[in-house]
Amino acid sequence: MSIHFNPRDITWLAFNERVLQEAMDENVPLHLRIRFLGIFSNNLDEFFRVRVAGLKRAMDFKEKVIAESFYQPPSKILQRITEIVIKQQQNFDKTWKKIQNEMADHKVFIKNAKNLTVLQKEFVRKYFDEVVESNVIPILLHENTSMPYLRDKSLYLGVAMRKKDWQYQSNYAIIEIPSRFVGRFVLLPTEDPMEKNVMLLEDVITFNLPHIFSYFGYDEFAANAFKVTKDAEMDLDNDIRTNFAEKIEKGLKNRRKGKPTRFVFDKDMDKALLEMLIRKLNLTKKDSIIPGGKIHNFKHFMDFPDVFEAFARPVERTSFTHPAFEHNERVTDVILKNDVLLTFPYHKYNPVIDLLREAAMDPDVKSIQITAYRLASSSKIINALIYAARNGKEVTVMLELQARFDEESNLEWKEMLEPEGINVLIGIPDKKVHAKLCVIKKRAHNKTIQYGFISTGNFNEKTARIYGDHLLMTSDRGVMADINKVFNVLKKPKEDYLSILKTCKSLMVCPQFMREKIVHHIDKEIDEAKAGRRAEIIVKANSVSDRALITKLYDAASAGVVVRTIVRGIYCVVNQKDFKEKIKGVSIVDEYLEHARVMYFYNKGAEDMYISSADWMTRNLDYRIEAAVKITNKDLKKELKDILDIQLKDNVKARILDKGLSNEYVRNGKEDCRSQIETYKYLKAKTKTK
């Protein structure tokens with residue numbers, strides 16, 4: 001049998017097109033459609049910084065050797081990426097144009113340098129003088145000078161300048177848009193109090209170009225935006241004289257020198273200036289050179305000003321307190337009696353923070369151990385841990401310094417925590433720690449009591465408002481014993497640390513052992529299907545790309561196992577001709593980011609259910625410390641299964657993954673089932689019954 005897989009990067013682009021489709025959907029509130037455009041743009045930036053950069057590096061190797069990792073030769077994938085991205089950019093521009101027309105119906109207008117009223121011109125001049133000018137330093141470009149350093153995440157104006165009496169010659173300059181310091185959007189005064197006018201910072205600067213370059217006497221200006229996306233890979237040196245944190249710091253500095261992976265520009269840019277920029281950036285036809293509209297770095301539009309009429313937020317988008325914590329009992333007392341499953345963002349995140357606050361104040365608590373991957377900017381989690389340390393608790397924080405794009409923030413957290421007496425761990429060489437674990441230990445009445453939590457997502461109270469995740473709060477002895485084993489490995493990494501992790505019984509852990517146990521579960525379902533009995537597997541994840549596990553799913557489908565998947569992003573599965581049961585799947589993109597990882601195996605009616613920090617990707621399963629916990633409480637298992645069934649409804653608003661790479665916006669039923677609203681209603685109904 002010839003086995004096929006979808007290239008992971010092409011399937012990711014299919015996911016991002018689903019984000020764009022949300023922006024195109026007129027049933028989605030206007031301000032959210034603008035936000036989805038921002039999310040689409042931000043996603044694409046990171047894709048080029050990481051995945052496209054990786055493909056370009058892979059081209060330095062023999063394509064036959066590297067193709068197995070990508071499922072196709074990198075050069076062929078890069079060609080497809082460019083074709084898809086250009087088409088998506090065209091749809092993006094059409095969508096943005098349509099949204100602007102709808103904004104006009106709400107009397108919201110984006111003004112540029114050419115359509116300002118007299119009142120607004122005076123405001124823009126004054127705003128530039130008082131707020132912007134000190135942050136603007138133009139760089140003149142000449143043929144015989146090298147290209148200045150360009151920041152990866154910044155937006156630039158390419159400026160062509162000339163005097164009217166010059167027939168041919170133009171001079172050129174670039175200006176970095178200082179949105180990091182000033183903000184991207186400026187609200188303008190209007191004569192009509194019902195009208196809202198918004199101006200982008202680059203247009204404020206464009207309007208003031210005659211003032212900026214007044215010394216040179218130019219009287220004609222053309223300014224167009226562009227940006228450069230760079231390789232974000234962080235190479236860490238092997239200098240034994242530097243510690244790991246110092247290597248991360250050095251790697252961050254080196255990242256700024258990354259090679260360009262994409263050049264996006266206003267298609268109306270002066271041709272001579274465009275050619276000069278491409279030449280000075282050492283770009284070729286093989287690089288992603290993408291013409292676009294007037295506006296770039298659209299990621300800022302995720303925070304577009306609140307200029308629309310008040311949006312009546314549906315009750316279904318309001319987090320509520322889990323029924324277990326509605327009374328005045330301490331969170332600690334509740335979970336010492338029963339396991340509690342929190343489902344975010346439907347349930348409030350408060351119990352997690354309250355549990356740590358209670359531990360910080362409880363005189364019987366002796367220690368707290370927790371992993372941290374991505375933290376909120378003003379983390380209440382960290383604040384509780386600091387106070388626990390000040391109250392004499394032994395606090396250990398596993399801080400992952402290699403969390404992509406959060407390296408700098410986590411280095412700063414390290415600098416903050418260590419002076420407080422907190423033991424900061426930085427993991428195992430060559431392995432990221434992505435597990436979401438916490439164990440609290442107390443000593444009372446001559447007994448040691450342990451409790452804590454394990455999650456599918458980061459311990460971050462801000463993202464918990466918009467990321468769909470599960471978190472199990474428990475005092476199960478087996479779970480706590482296994483979490484302690486993981487921390488013992490992190491505290492004193494040894495060459496034989498895998499032998500310690502192998503003894504975990506209540507957790508499935510990576511590297512290695514989660515993969516083995518998943519395969520064991522799939523094999524059991526295959527045996528049941530071959531015996532003619534019911535066999536079923538459900539996988540919910542952000543990404544499914546691991547070749548070995550996908551092949552096992554193929555084996556299961558061939559044997560007649562019912563396999564269903566809910567995969568938000570990368571999905572390399574392709575239904576094969578000889579499957580007895582076609583693998584069914586959906587990709588749900590909605591207001592909340594689907595982030596949970598869940599595994600379900602029917603297991604002769606025992607229904608084994610796990611929540612996990614790991615995606616079905618080789619990097620997670622073989623090169624990270626990850627953890628999955630088995631849900632044993634019957635009520636919680638049913639609750640989790642019901643949520644999966646809601647998301648797998650035939651009329652769910654989603655992209656049907658078993659249709660291949662088609663991005664058709666699918667509604668199979670008459671009703672437009674938004675599974676997130678249905679999930680809210682389901683969980684809220686359970687609250688009322690309790």
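**Exercise 1. Where is Pro 511 placed, and what kind of peptide bond joins Cys 510 and Pro 511?**

Step 1: Find the spot. Pro 511 sits in the loop between β18 (507-510) and α17. Labels like these come from DSSP runs numbered from the N terminus: helices are H or I with at least four residues, strands are E with at least two.

Before going on, know what you're looking at: it's a predicted model, where local features need pLDDT of at least 70 and side-chain atom pairs count only at pLDDT 80 or more, while totals for chains, interfaces and linings use all residues. Residues are numbered from 1 along each chain as its sequence is written, and side-chain values use heavy atoms, with hydrogens and water left out.

Step 2: Check the bond. Cys 510 and Pro 511 are joined by a cis peptide bond, with omega about 5°.

Step 3: Look for another case. Phe 344 and Pro 345 are also linked by a cis peptide bond, here with omega about 0°. Pro 345 belongs to the loop between β10 (340-344) and α12 (350-361).

**Exercise 2. At roughly what angle do the axes of helix α17 and helix α18 cross, and which residues make the contact?**

Step 1: Get the geometry. Two packed helices are described by the angle between their axes and the distance between the axes. For α17 (residues 513-530) and α18 (residues 547-559), the axes come within 9 Å and cross at roughly 10°. An axis is a line fitted to C-alpha atoms, for helices over the stretch in contact, and angles run from 0 to 180 degrees between N-to-C directions.

Step 2: Name the arrangement. That angle makes α17 roughly parallel to α18 (under 35 degrees is roughly parallel, over 145 roughly antiparallel, 65 to 115 roughly perpendicular, the rest oblique).

Step 3: List the partners. α17 brings Arg 515, Ile 518, Val 519, Ile 522, Asp 523, Ile 526, Ala 529 and Lys 530, and α18 answers with Ala 548, Leu 549, Lys 552, Leu 553, Asp 555, Ala 556 and Ala 559. Contact here means heavy atoms within 4.5 Å.

Step 4: Sort them. The contact of α17 with α18 has ten nonpolar, no polar and five charged residues (nonpolar: Ala, Val, Leu, Ile, Met, Phe, Trp, Tyr, Cys and Pro; charged: Asp, Glu, Lys and Arg; polar: the others, Gly among them).

**Exercise 3. How do α1 and α4 lie against each other: roughly parallel or roughly antiparallel?**

Step 1: Start with the axes. Those of α1 (residues 8-24) and α4 come within 10 Å and cross at roughly 5°.

Step 2: Conclude. α1 is therefore roughly parallel to α4.

Step 3: Look at who meets whom. From α1, residues including Leu 13, Glu 17 and Leu 20 meet a set in α4 that includes Ile 81, Gln 88 and Phe 92. By class, the contact of α1 with α4 counts eleven nonpolar, three polar and three charged residues.

**Exercise 4. What is the strand order in the open sheet of six strands, and which strands stand at its edges?**

Step 1: Read the order. It goes β2-β4-β3-β7-β8-β9, and the pairing is mixed. Strands count as paired if DSSP finds at least two bridges between them.

Step 2: Find the edges. β2 (139-141) and β9 (288-292) each have a single partner strand, so one side of each has no neighbour in the sheet. From one strand to the next, the twist averages 25°.

Step 3: Zoom in on one pair. β3 (residues 156-162) and β7 run antiparallel, joined by seven bridges. Arg 162 is opposite Glu 220 in β7.

Step 4: See what covers the sheet. α2 lies across β7, β8 and β9, and runs at about 140° to β8.

**Exercise 5. What is the volume of the largest cavity, and which element gives the most to its lining?**

Step 1: Count. There are seven cavities of 30 Å³ or more. On a 1 Å grid over the protein atoms alone, a cavity is a set of points where a 1.4 Å probe fits but cannot get out; lining residues have an atom within 4 Å of a point.

Step 2: Size. The largest cavity is about 130 Å³, a volume being the space filled by probe spheres set on the points, which are joined across faces, edges and corners.

Step 3: The lining has 13 residues, with Ser 41, Gln 89, Lys 227, Val 264 and His 296 closest to the centre. α2 gives the most to this lining, four residues.

How values were computed. 1 Å grid on protein atoms, 1.4 Å probe; cavity = no way out; pocket = protein on both sides within 12 Å on 5 of 7 lines; lining within 4 Å.
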